[in-house]
Amino acid sequence: MELDIIQYDIDPETKRRLRMVLQNLLNKTSASVIILTDDAGRIIDIKGQKEEDLETEFLATLISGIFGAAVEMGKILRMEDLEVLQYESKSMDVVIKYIRPRFLLGIIVGKGVALGTVRLFLKEAGEELEEVLEKAEMVPSKQIKIDIKELEEKLNRVLGGPYEA
């Protein structure tokens, strides 16, 4: 038996609209970095500091993982739906916002930027992104056919051996 694994991309018009929203947010907040990811930590788009200056893939994965952990903690504590997560440090602040249906918007700002203003513009950008992403068309960009046995062998090599219960 063979599986068809299909990688999707967002249609060009949606990408253009997403970039406009992110650029507008960057201009309004003077952020050093703005990153839009899906809930698995894959980068949709990034604005601000050049990619080569940051470990962007790793940063996106951390944003996803940290937000996921906070959501799970919220479930244990019976908190309402978590929409915004905020970290403050001596040199910079990080705010992560959940974007429906399955995206995260992370913004990194220097200490001189007012967080209330950032959160206000982040809320506006989040609403715009949700509207854009709601109408997005997914375009297949890559298709891989793989045998289940071959997939299992590849996963075992990556994960260090077969799963044993």
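Residues are numbered from 1 along each chain as its sequence is written, and side-chain values use heavy atoms, without hydrogens and water. Because the model is predicted, local features need pLDDT of at least 70 and side-chain atom pairs count only at pLDDT 80 or more, while totals for chains, interfaces and linings use all residues.

**Helices H1 and H3**

Helices (H or I, at least four residues) and strands (E, at least two) are DSSP runs, numbered from the N terminus. The axes of H1 (residues 12-29) and H3 (residues 115-134) come within 10 Å and cross at roughly 175°. H1 is therefore roughly antiparallel to H3. Axes are lines fitted to C-alpha atoms, for helices over the stretch in contact, with angles from 0 to 180 degrees between N-to-C directions; over 145 counts as roughly antiparallel.

Contact means heavy atoms within 4.5 Å. On the H1 side the contact residues include Leu 18, Val 21, Leu 22 and Leu 25, and on the H3 side they include Phe 121, Leu 122, Ala 125 and Leu 129. By class, the contact has 11 nonpolar, 2 polar and 5 charged residues. Here Ala, Val, Leu, Ile, Met, Phe, Trp, Tyr, Cys and Pro count as nonpolar, Asp, Glu, Lys and Arg as charged, and the others, Gly among them, as polar.

**Two pockets**

A pocket is an open set of points on a 1 Å grid over the protein atoms alone, where a 1.4 Å probe fits, with protein on both sides within 12 Å along at least five of seven lines; lining residues have an atom within 4 Å of a point. A volume is the space filled by probe spheres set on the points.

| Pocket | Volume |
|---|---|
| Largest pocket | about 540 Å³ |
| Second largest pocket | about 190 Å³ |

Of the 17 residues that line the largest pocket, Tyr 8, Asp 9, Asp 38, Arg 42 and Ile 44 are the closest to its centre. Strand S1 gives the largest share of this lining, 5 residues. The lining of the largest pocket holds 8 nonpolar, 2 polar and 7 charged residues.

In the second largest pocket, helix H2 (residues 56-76) gives the largest share of the lining, 4 residues. Its lining residues include Met 79, Tyr 98 and Arg 100.

Strands S4 (residues 84-88) and S5 (residues 92-99) run antiparallel and are joined by 5 bridges; two strands pair if DSSP finds at least two bridges between them. Leu 85 has Ile 96 in S5 as its bridge partner. The hairpin of S4 and S5 has 3 residues between the strands.

Terms used: Parallel < 35°, antiparallel > 145°, perpendicular 65-115°, else oblique.
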